[in-house]
Amino acid sequence: MSRFQETDSILSWGRVVRASHMAARPAWRDELPGLLTEATSDGRSVLALGLGRSYGETGLNPGGAVIDMTGLDRIIAFDPESRILRAEAGLSLGAILEVIVPHGLFLPVTPGTRFVTLGGAVANDVHGKNHHAHGTLGRWVRGLGLLRSDGTRHLLGPDDTTGLFAATIGGLGLTGLIEWVEIELIQIASAMIDAETVPFEGLDGFFELASESSEAFDYTVSWIDCLASGPSLGRGLFSRGRHSPAGPLRAAMGAPGPSMPIDLPGFVLNAASIRAFNALYLWNGRRRSGTSRMPYTPFFYPLDAIGNWNRMYGRRGMYQYQSVVPLAVAADATRAMLQAIAEAGQGSFLAVLKTFGDKASPGLMSFPQPGTTLALDFPNRGDETLRLLARLDSIVAEAGGRLYPAKDGRIPPALFRSGYPDWERFAAHVDPHVSSLFWRRMGA
Amino acid sequence: MRVIILGATSGIAEATARLYAKEGADLLLVGRQAERLAAIATDLKARGAISTQVAVTDLAATTDARQELAGFIERLGGVDHVLIAYGILGDQDQAWADPAEAARILTVNFNSAAAWILAIADRLERKGRGSLVVLGSVAGDRGRRANFVYGAAKAGLATLVEGVAHRFAGKGPRIVVVKPGPTVTAMTAGMVRKGPLWASAEQVALVVRRAADRGGPVAYAPWFWRYIMLIIRFLPAPIFNRLEI
């Protein structure tokens, strides 16, 4: 009996790409070699799947097989003294926090949702609001187990000389199945965050706050009203925080909040409603600006509070667009992008702006590089939206920047290659039987 | 709290064990596969279990459940909760054609489980406290062509548990049969698992954990199966037999 079942319920998080897959969900690591053999025996390609938070096509393998890793969610070793945790790849970051926070430990790096698997976080070399201080998660990986489709198991760490470790960190799951990951954790005194919100009027204000905050604050990020134009272009809220020195060490439990029950009809999302939302968010943030002490969950994961928030964008889904441009040209390039968006009137609900530091990742294909990163989401309005994104592409390309494959669903192959000059070195390490829609579209 | 889990590598058992671990329980995990039991034990310890022990044995092949149970309880220093979670789905078509497959399904799911239930119930009654939760199935509520051998074994277990619950009435110990609907676990790995009626092991585990503390001798997981099965059980045979379910 085949362990793989045909399913059409696997979607990208942006919900633009829908496809049919052969899927299996193992419960034990000892099942993986057999599943790999079965998946690839008739020439199909295979891809590991986590919690499906990748927006575009990096987590999809239409026409091929996927192995859902979320049943492999056990902790293999945990030593609070040495701050080392080894766990199976399907364990979520939220579940890790539940275990480690009571011990006074925290993830060294966390993205904006805790509903991602450890394996997926490594495969995308995720970053967080503390990139300027801690770099990407890949810098904290002490070891990982990689199973290749030829049946070989590789124990890889930062001391690896074959290049396979560097290719796997940020390697979009293409180098084989990540079976387990060992990471180093950081110490915290409490589960609370001392957070501060500072409104700013324009892009110059952002850059001033960013440079003034990077030393004193572990975490920094800003929200931009991307429909504002003219003198208020680039106005927004700068948010910064650090772990509180005192307070309880209580983990946030995985109690589900309200969930978006249906796809919102498309007409709800128009320029006027997005404009109103941005204005309201900004007004609310200004009203409540100042310092506050809050639990870590709302600080790091505001969107996790609404289950399936991606359904807000209706059945046609959305595009996420995240770029990074070098610091020297960051102000001009960011201004040009915001102008293009304001002119097109196709705003994004929340644009996120952050400065990356110069802590290099061990990963060959890691997205962050020193500079400024802008993340936006756009309701999918077909050609109109794609034209705007193409306009943004040209600004990023001219600035010598790159796009984040985990977030995007349509990176032009040329922009991918120019943004990731190491891609050919990376391609040499890709498992011949592992593939994704993204990788095929890049023409590799 | 001291907890014995028979069939600890089952998906529902592991999810339930995580709830016990979070409460800081002492756990004894019993099953056939040493490596998998060890993996679960390490995980549960990290998730908060005070202690985890492993016993490798084939529960379905036990000849003296009372004696083996006494050994488990001695290792744990007593017992508060027991969960019986092992079982096999088997192959209905094969069971129809081959008496050996039918006997295997009945022996593992009913005969051996019944021996354990009686041994544990006797122990709880003599102690005057403690609880036993047995994993049944909605398949035991009405025979269907897809899985009636498995269903018959689970029906037998439910009747046995109800009888013991009757004997326990007004006394200290409790016994509950939890009847899950289709659940996403290793047991159902080969099935097309689509539709709103499929539950996760975590959802079922919440019912199993609660059943050990309160509620009647029969619990459905998730709860809505109580009403679905109420309807299905009362459908007249001429109608039921025309349904493709």
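Visitor: What radius of gyration does chain A have, and what would a compact globule of 444 residues have?
Guide: This is a predicted model. Chain A comes out at 21 Å. A compact globule with 444 residues would be near 22 Å, so the two agree.

Visitor: What does the C-alpha trace of chain A span along its principal axes?
Guide: About 60 × 50 × 45 Å.

Visitor: And how many helices and strands in chain A?
Guide: Chain A has 13 helices and 19 strands.

Visitor: What share of chain A is buried?
Guide: Buried residues are 59% of the 444. As for contacts in chain A with a separation of 6 or more, 75% come from residues 24 or more positions apart.

Visitor: Charges in chain A: how far apart are the mean positions of positive and negative?
Guide: They sit 5 Å apart, for 41 positive and 43 negative charges.

Visitor: Let's zoom in. Which residues of H1(A) are buried?
Guide: H1 of chain A covers residues 32-40. Its buried residues are Leu32(A), Leu35(A), Leu36(A), Ala39(A) and Thr40(A). Down the axis of H1(A), they fall within an arc of 115 degrees, so they line one face of the helix.

Visitor: What do the buried residues of H1(A) pack against?
Guide: Strands of chain A: S2 (18-24), S3 (46-49), S4 (65-68), S8 (141-147) and S10 (177-184).

Visitor: New spot. Gln320(A): buried or exposed?
Guide: Gln320(A) has a relative accessible area of 6%, and the cut-off for buried is under 20%. Therefore Gln320(A) counts as buried. It lies in strand S16 of chain A, residues 318-325.

Visitor: What is Gln320(A) in contact with, leaving aside neighbours within four places in sequence?
Guide: Gln320(A) contacts Tyr55(A), Ala375(A), Leu376(A), Asp377(A), Lys407(A) and Asp408(A).

Visitor: And where does Pro362(A) lie?
Guide: In the loop between strand S17 (351-356) and strand S18 (371-379) of chain A. Pro362(A) is partly exposed, with a relative accessible area of 34%.

Visitor: What does Pro362(A) touch, not counting residues up to four places away in sequence?
Guide: Gly138(A), Arg139(A), Phe165(A) and Ala166(A).

Visitor: Over to chain B. How many helices and strands?
Guide: Chain B has 9 helices and 9 strands. Its radius of gyration is 17 Å, close to the 18 Å of the globule rule for 245 residues, so chain B is as compact as a globular protein of that length.

Visitor: What share of chain B is buried?
Guide: Of its 245 residues, 51% are buried.

Visitor: Which residues of H8(B) are buried?
Guide: H8 of chain B covers residues 225-234, and its buried residues are Trp225(B), Met229(B) and Ile232(B). Viewed down the axis of H8(B), these fall within an arc of 60 degrees, so they line one face.

Visitor: Which residues are exposed on the other side of H8(B)?
Guide: Ile231(B) and Phe234(B).

Visitor: And what covers the buried residues of H8(B)?
Guide: The cover includes strand S9 (218-221) and helix H9 (237-240) of chain B.

Note on methods. Residues are numbered from 1 along each chain as its sequence is written. Chains are lettered from A and ligands numbered from 1 in the order in which they are written. This is a predicted model: local features need pLDDT of at least 70, side-chain atom pairs count only at pLDDT 80 or more; totals for chains, interfaces and linings use all residues. Side-chain values use heavy atoms; hydrogens and water are left out. Buried means under 20% relative accessible area, exposed over 50%, partly exposed in between (1.4 Å probe, protein chains only). Helices (H or I, at least four residues) and strands (E, at least two) are DSSP runs, numbered from the N terminus. The arc is that of the directions from the helix axis to the C-beta atoms. Contact means heavy atoms within 4.5 Å. The radius of gyration is taken over C-alpha atoms; the globule rule is 2.2 Å times the number of residues to the power 0.38. Lys and Arg count as positive and Asp and Glu as negative; His and the chain ends are not counted. The place of a charge is taken as NZ of Lys, CZ of Arg, CG of Asp or CD of Glu.
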